[in-house]
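Subject: Structure for you to look at

Hi,

Here is the structure I promised to pass on. Have a look at it first, then read my notes below with the viewer open.

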Amino acid sequence: GKEGTMGYGIKLRVWGDYACFTRPEMKAERVSYDVITPSAARAIIEAIHWKPAIKWVIDRIHVIKPIKFDSVRRNEVERKIGIGNVKKAISGSNVDLHQYITEERQQRAKQRATLLLRDVEYVIEAHFEMTDKAGNEDTVEKHYNIFLRRARKGQCHMRPYFGCREFPVQFELVDGEIPKSQIEEEIDLGWMLWDIDFEDEMKPIFFRPKMVDGVFDARRDVGL
């Protein structure tokens, strides 16, 4: 079988105006991590090319631009249109499905603050491994070349985003040298969400990476 066969590495430059990689421990307000998480990086790669035959692994993340935060406050509507009313409407009942925003706006005190990142740029280094779902037609070369072709053309199955759908990702393949980070120091990023273990009741896995000159290792065994 091909399970465990490692694919070739790829380097993808990603950038955007805003990003929010929400810390799960912050309940009342949305607060972003300082940098992109490995799971968010993997979601971007998978948006370009993924099949059950392959599993993407994030190796290193290069934080190219200085870390800058912005605080925004957003009105959020407290009440949702109930599914029961939707079902009644579908069955022909005369039900009001409108939401009257002016009446239902939360007061300023109830607005949620979001601490987000702005002007972000990263280079993601990753590779893929073949899974037990790989068939005879699934070769390492085939999936590697599909990814390269799609990334070069700017194609994706769904638009990747930086943590929230309103923060779209621009991306391009890095063929040569990775751009040098503007961060020239060692930073302890603290405990960060590595990923969710779907095979163990959606258990979150944390790790503690150190970023040296803008680069940190995104593999789970680092810092554990």
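E121 has a relative accessibility of 9%, so it counts as buried, the cut-off being under 20%. Keep in mind that this is a predicted model, so treat what follows as a reading of a prediction.

What does the side chain of E121 meet in a salt bridge? Its partner is R13, with 2.8 Å from N to O. R13 lies in strand β1 and E121 in strand β5, so the pair ties together parts that are 108 residues apart in sequence. R13 is buried too, at 18% relative accessible area. The pair also belongs to a network of salt bridges that links R13, E121 and E172.

In total, the count comes to 15 salt bridges. Here are two others you can look up. The side chains of K142 and D138 meet at 4.0 Å, N to O. In that pair K142 is partly exposed, with a relative accessible area of 34%, whereas D138 is buried at 8%. Then there is R219 with D217, where the closest N and O atoms are 2.8 Å apart. R219 counts as partly exposed, at 35% relative accessibility.

Now on to helix α4, which covers residues 140-153. The helix has 14 residues and reaches 20 Å from its first C-alpha to its last, close to the 20 Å expected at 1.5 Å a residue. After α4 comes G154, whose phi is positive, near 75 degrees.

Positive phi values also turn up in residues other than glycine, and M202 is one of them, with phi near 55 degrees. You'll find M202 in the loop between β8 (192-197) and β9 (203-207), and at 48% relative accessibility it counts as partly exposed. D213 is a residue other than glycine with a positive phi as well, near 50 degrees. The place to look for D213 is the loop between β10 (210-212) and β11 (215-217). Its relative accessible area is 44%, so D213 is partly exposed.

Cheers

Conventions: Residues are numbered from 1 along each chain as its sequence is written. This is a predicted model: local features need pLDDT of at least 70, side-chain atom pairs count only at pLDDT 80 or more; totals for chains, interfaces and linings use all residues. Side-chain values use heavy atoms; hydrogens and water are left out. Helices (H or I, at least four residues) and strands (E, at least two) are DSSP runs, numbered from the N terminus. The expected span of a helix is 1.5 Å times one less than its number of residues. Buried means under 20% relative accessible area, exposed over 50%, partly exposed in between (1.4 Å probe, protein chains only).
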